[in-house]
Amino acid sequence: MTNWYRGSLLPPPIVDEGSVADPLESCLLDRKLFLGGHTNATTAWYDYPEDDEVSIQPMVVSTHNGLVLLSIAFSKNNSKLPEFYMYQPGVDKGDDNDRLLELIPQPSDMRLVDQRCAVGLLPSHGGSGDYHIAALTMSMQAKGVFDLYVFSSKTKSWTVRKPSLPAVDSQGYMAVKAIPLGGGSIAFVDFYKGILICDVLDGPESPELHYIPLPSEELCQPLPDAYPYIPHDLTLHISSQTIRIKFANVVCPLLSGDWRIETFSTTTVTESPWSQLNPWKKDSTVDASQLSVHGSIELSGLLDHGDGKQTLGSLFVEKPMLSLHEDNIVCLMAKQNIMDRQLWVIAVDIENKELQGVIHLGVGRRTALIYSTISGHLNNVAATASTGEKGDLKRLGASLESKTPRKLFRVASLVGEQEKGVTGTDDGDDMDLELE
């Protein structure tokens with residue numbers, strides 16, 4: 001296990017198995033799996049040769065509803081490349097009601113598992129456990145032409161089609177987020193070039209692409225000082241007639257001044273043509289200096305920098321994460337110094353300009369969090385230390401285990417208060433960079 005992150009060998013504390021919690025509608029999920037030694041009702045198994053080992057850090061590639069696509073390398077002497085595996089905590093496909101990890105073959109002409117491209121998941125209706133996997137990549141053939149790879153769990157095979165949109169330069173387009181929209185449609189998001197919507201289950205050889213621009217070219221240009229490394233997020237909230245697109249941008253000056261969060265939104269119709277787009281509008285701008293702190297929030301660890309002069313505004317923040325079910329909540333990764341490895345997650349109520357949650361990520365490694373709705377499909381249990389108070393962030397664990405030999409992978413998550421109210425799109429793939 002030479003290529004595992006050291007912190008992945010030290011999973012977070014196990015929650016109290018005896019106290020069952022209500023399923024959370026969404027959670028913050030750590031994309032890096034932990035090596036652990038516990039199982040529960042949603043443990044999944046995979047048989048591999050006894051001499052093999054997991055030599056590369058396993059990753060969550062994408063989640064949607066009850067689907068989790070993983071990247072794992074079962075190898076001997078570090079000689080085997082990673083492969084896709086599907087984990088469905090709500091589907092029993094093995095003997096004795098065991099859940100099994102399902103190996104997904106790679107397309108014949110490309111190893112998608114090695115590509116930095118967003119992957120979308122589409123579950124079938126009716127609870128059969130069938131699904132589709134879709135990825136949109138650049139095509140080298142012509143400007144505006146893309147390669148759309150779609151895997152069917154029924155046929156166990158990939159199809160490749162070539163959607164095109166001449167108005168969009170496919171060269172350099174790299175979708176880092178894939179958001180299912182219902183039916184067979186997926187929104188592929190490049191935070192510098194815009195959104196492409198495609199019906200990935202559409203039959204034609206060249207399915208139609210629809211382009212949605214982001215709020216402004218200025219916002220979507222790479223930052224000259226390369227910080228924050230990940231300054232944007234985007235969600236889509238679907239109602240019966242419209243899709244509301246919400247975009248978040250964080251500005252964090254390196255030398256002086258407080259950080260701030262800006263949010264923008266627009267709406268479009270729920271079906272093709274999505275080009276019927278209303279103008280983007282700015283919803284909010286929140287400076288760190290404007291934030292009040294909820295009474296139950298403890299800041300001593302977050303702001304303890306030795307000189308007693310640190311404020312919320314002096315923190316280095318990045319990777320805004322828009323809540324899937326609470327329209328006014330944005331979570332951020334925060335650290336006291338740009339070179340620190342100690343990370344916190346802070347939850348900001350941008351409507352009321354209030355800090356509503358703080359948790360230290362004491363996992364001893366780089367981390368990569370994404371919002372996910374997989375929490376509603378896991379064996380959720382309540383943390384013994386949870387107070388249940390507003391702003392408290394709890395832990396949740398689910399397990400993935402191999403039978404021979406017994407080695408365990410645990411999908412460890414950080415989850416917030418149960419989120420209700422806004423009907424949001426489910427999670428999707430988010431190929432964000434790892435954070436120190």
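View 1. Ser265 lies in strand S21 (residues 260-269); strands here are DSSP runs of E with at least two residues, numbered from the N terminus. The model is predicted, so local features need pLDDT of at least 70 and side-chain atom pairs count only at pLDDT 80 or more, while totals for chains, interfaces and linings use all residues. Residues are numbered from 1 along each chain as its sequence is written, and side-chain values use heavy atoms, with hydrogens and water left out. Ser265 counts as buried because its relative accessibility is 3%; buried means under 20% relative accessible area, exposed over 50%, and partly exposed in between (1.4 Å probe, protein chains only). The side chains of Ser265 and Asp283 make a polar contact at 2.7 Å. A polar contact is a pair of N or O atoms within 3.5 Å; within protein, one must be able to donate a hydrogen and the other to accept it, and residues adjacent in sequence count only if both atoms are side-chain atoms. With residues up to four places away in sequence not counted, Ser265 touches Arg244, Ile245, Lys246, Pro279, Trp280, Lys281 and Asp283, a contact being heavy atoms within 4.5 Å.

**View 2. The largest nonpolar core.** A nonpolar core is a set of buried Ala, Val, Leu, Ile, Met, Phe, Trp, Tyr and Cys residues joined through side-chain atoms within 4.5 Å. The largest such core has 27 residues, of which Trp259, Leu302, Ile346 and Val348 touch the most other members. At least two residues of this core come from each of strands S20 (242-251), S24 (316-322), S25 (329-335), S26 (343-349) and S27 (354-361). Beyond residues up to four places away in sequence, Leu302 touches Gln310, Leu312, Leu315, Gln336, Trp344, Ile346 and Val358. A second, separate core of 20 residues has Cys27, Leu35, Leu70 and Ile72 among its members.

**View 3. The open sheet with mixed pairing.** Five strands form an open sheet in the order S23-S27-S26-S25-S24, with mixed pairing; two strands pair if DSSP finds at least two bridges between them. Strand S23 (292-293) and S24 are the edge strands, and each pairs on one side only. S23 and S27 run parallel and are joined by 2 bridges, with Ser292 having Glu354 in S27 as its bridge partner. In the loop between S26 and S27, Lys353 has a positive phi near 50° although this residue is not a glycine. Lys353 counts as partly exposed, because its relative accessibility is 29%.

**View 4. The open antiparallel sheet.** The order of this sheet of 4 strands is S5-S6-S8-S10, with antiparallel pairing. Strand S5 (59-64) and strand S10 (102-104) stand at the edges with a single partner strand each, so one side of each has no neighbour in the sheet. S5 pairs with strand S6 (residues 67-72) in the antiparallel sense over 5 bridges; Leu70 in S6 is the bridge partner of Val60.

View 5. With a disulfide taken as a pair of cysteine sulfur atoms within 2.5 Å, the count is 0 disulfides. Lys156 sits in the loop between strand S13 (146-152) and strand S14 (157-161). Lys156 is not a glycine, yet has a positive phi of about 60°, and counts as partly exposed at 45% relative accessibility.
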